[in-house]
Amino acid sequence: MSAERASEFVSAIEAIAREAGELLMGYFARRVPIEYKGDVDLVTEADRASEALIMDRIQARFPRHDVLGEEGARRETGSDYKWYVDPLDGTTNFAHGFPVFCISMGLEHKGQLIAGVVYDPARGEMFSAEKGSGAYLNQRRMQVSKTTNLPESLLATGFPSHKRHKNPNIRFYHQITLRTHGVRRAGSAALDLACVASGRFDGFWEFNLNPWDLAAGVLLVEEAGGQVTGFFGQPFRLAERDVVASNGLIHADLLREFKEIFAGRCLEPLPDPREYAKSHQP
Ligand code: IPD
Ligand code: CA
Ligand code: CA
């Protein structure tokens, strides 16, 4: 690596995230109009302002680094360093006044994630990790949970805003809900991953995410002692978009369940609401 150590990157990223968090909270307090990038793909002035601020700070401090930001920020020069920036993860929550959203920034060096920060400004929670040095929540070391079996696990997932009718995740949601303590769908993939890293969730999965949703959170989970793979157990790669993250202890069981669901085996039928209504008539 260059003269700059990853820990110096982490403190720089934390400072930028804090600034962007303050900016977001200002917009959150006064509510912003919703705009649409697609069907139910929401965006607001706050997303763009946060990305502009982050881009400006990266440019000032790391002018040679490449950047890929969700709202269009691009710098592609072939640098060894590349930032993946989600200036506001959880836009739908933000736009509706539901205080579950964050800023997510991951830094890659020669194709390897070396530093990542997920900042939740509504709770003042800074999740950060440096490759090889562990993961931290507000400067205190954090670790994945110790849950060893699926039936006692609490998991999380998310649903995409594109082509929702083609996404099979509702099946996975149904099956895994029946086999665990439950599945949360809080609406911020980066925070979901941070919650796996901090032991609040035992696992998380989602289809079709983007590198800016994943880069920081994946490093957090790995550095907190967890495991991150694709749906078939293959090594995780940012470009692949589908992700399964866990505390490691339930990973094999979770992948086994997914394999069954993909194969259409052991699927519990969805209860018929008409039957339910009939049996519950007063
Ligand atoms: C979304 C959130 C959500 C996930 C979606 C993402 P955005 O990001 O992370 O939890 O389910 O797939 O697109 O649009 O709020 O930055
Ligand atoms: Ca996102
Ligand atoms: Ca976003």
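Modeller: Quick ground rule: a polar contact is a pair of N or O atoms within 3.5 Å. This is a predicted model, where local features need pLDDT of at least 70, side-chain atom pairs count only at pLDDT 80 or more, and totals for chains, interfaces and linings use all residues. Residues are numbered from 1 along each chain as written, ligands from 1 in the order written, and side-chain values use heavy atoms, with hydrogens and water left out.

Colleague: Which residue has a backbone N or O atom 3.2 Å from an oxygen atom of ligand 1?

Modeller: Asp 86 puts a polar side-chain atom 3.2 Å from a ligand 1 oxygen. The backbone N or O atom at 3.2 Å from an oxygen of ligand 1 belongs to Phe 159.

Colleague: And how far is the polar backbone atom of Ser 188 from an oxygen atom of ligand 1?

Modeller: That pair also involves a ligand oxygen. Its distance is 3.1 Å.

Colleague: What classes make up the shell around ligand 1?

Modeller: In total, 16 residues surround the ligand (a heavy atom within 4 Å), with Asp 89 and Gly 90 among the closest. By class, they split into five nonpolar, five polar and six charged.

Technical notes: Polar contact = N/O pair within 3.5 Å; in protein donor to acceptor, adjacent residues only side chain to side chain. Nonpolar A, V, L, I, M, F, W, Y, C, P; charged D, E, K, R; others polar.
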